[in-house]
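Please examine the sequence and the three-dimensional structure shown here before reading on.

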Amino acid sequence: MNALFRMSHLFIVVLLITFSFNSYADPALYKIEKNGVSSYLFGTVHVGDASMNGLPKKITDAISASKEVIVEVDISKLTPFEMQQRSMPLMMQTNGKTLQTELTKQNYNKLKGYFAKKSIDIAMFNALKPWAVMVTMMQIEFQNAGFSDQTGIDKQVLSYAKEHNIKIGELETLEQQLQMFDGIALLSNEMIEETFEQLADINTYFIKLVNAWKSGDMDTLTDYYNMSFDESDYGKISEQVMLINRNNNWVKQLTPRLANEQLFIAVGALHLPEQHGLIKQLQKQGFTVSRI
């Protein structure tokens, strides 16, 4: 289960995609400027394949030019045991609930069949919350497709910063990231149904998006954003919980610092675009945000 704990701060739409434009053939990097102070904003993807090993020079140059690297959560400072110890209480069901009681009979049986095909007894997950089981499923499929958090861009940014003795800060705690999943607990069945839909077409919902990250295809990202955050209850609530609320909180944290400090900010890429994204919010705060 250690792989699950290493991935437990991730979610379907937040972890898969990075932000890029059609006119560029490499990951998006933005310069943030105000009052003569420059910082950087980088959209990341949390898992990668072997071809994604090694950060582009423009990224390492920007990190080296910064006084501090800011990430969502600095998981590099946690051992697998510490992550398990802190994660497990938030992943477990309470008040007598079980996976079976929180899902419809149809969805539970579908999960049971999914794990049975992989020679896994669903009983081992019965004490976990549905979102924790969903993360396990995604981890299995990522590994089968040749992707790992070890070659994820976030982890590479952290490694580079540590190797070069650059200070690392974080926007959230591990507990805060896990607790946000409870914000969609009432829609657990919708979440499981969407997970199965994405797993049924992993090329469209994952591999195609990673390839878009590599080639700089903004249209694919925009299409996926609109598919994920549609007008359904699940689409609207998950967008609010996973992106909008967090973006608003991050802007409050970052705005005073960016006016005085040189920072390199690396966050999951869906936090950058659209009207609630970090780019537009920082622009509204008087910062100039330009693509490098």
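This is a predicted model: local features need pLDDT of at least 70, side-chain atom pairs count only at pLDDT 80 or more; totals for chains, interfaces and linings use all residues.

Residues are numbered from 1 along each chain as its sequence is written, and side-chain values use heavy atoms, with hydrogens and water left out.

The chain contains 14 helices and 6 strands; these are DSSP runs numbered from the N terminus, helices being H or I of at least four residues and strands being E of at least two. Of its 292 residues, 54% are buried. Buried means under 20% relative accessible area, exposed means over 50%, and partly exposed lies in between, with a 1.4 Å probe and protein chains only. Among contacts (heavy atoms within 4.5 Å) with a separation of 6 or more, 83% join residues 24 or more positions apart.

Ala65 is found in the loop between helix H3 (57-64) and strand S3 (68-71). Its relative accessibility is 38%, so Ala65 counts as partly exposed. Leaving aside residues up to four places away in sequence, Ala65 touches Tyr40 and Gln262. Ser39 is 26 residues from Ala65 in sequence, yet their C-alpha atoms are 8.7 Å apart.

Helix H4 covers residues 80-91, and its 12 residues should span 16 Å at 1.5 Å a residue; the end C-alpha atoms are 15 Å apart, which agrees. The expected span is 1.5 Å times one less than the number of residues. Met83, Ser87, Leu90 and Met91 are the buried residues of H4. They cover an arc of only 90° around the axis, and therefore lie on the same side of H4; the arc is that of the directions from the helix axis to the C-beta atoms. Phe81, Gln85 and Pro89 are exposed on the face turned away from that buried side.

The whole structure holds 6 aromatic pairs. Rings of Phe, Tyr and Trp (its six-membered ring) pair if their centres lie within 6.5 Å; planes under 30 degrees apart count as stacked, over 60 as edge-to-face and the rest as tilted. Trp131 and Phe181 are stacked, because their ring centres are 4.3 Å apart and their planes are at 15°. This pair links distant parts of the chain, 50 residues apart: Trp131 belongs to helix H7 (residues 130-144), and Phe181 to the loop between helix H9 (174-180) and helix H10 (188-200). Trp131 counts as buried at 4% relative accessibility, as does Phe181 at 1%.
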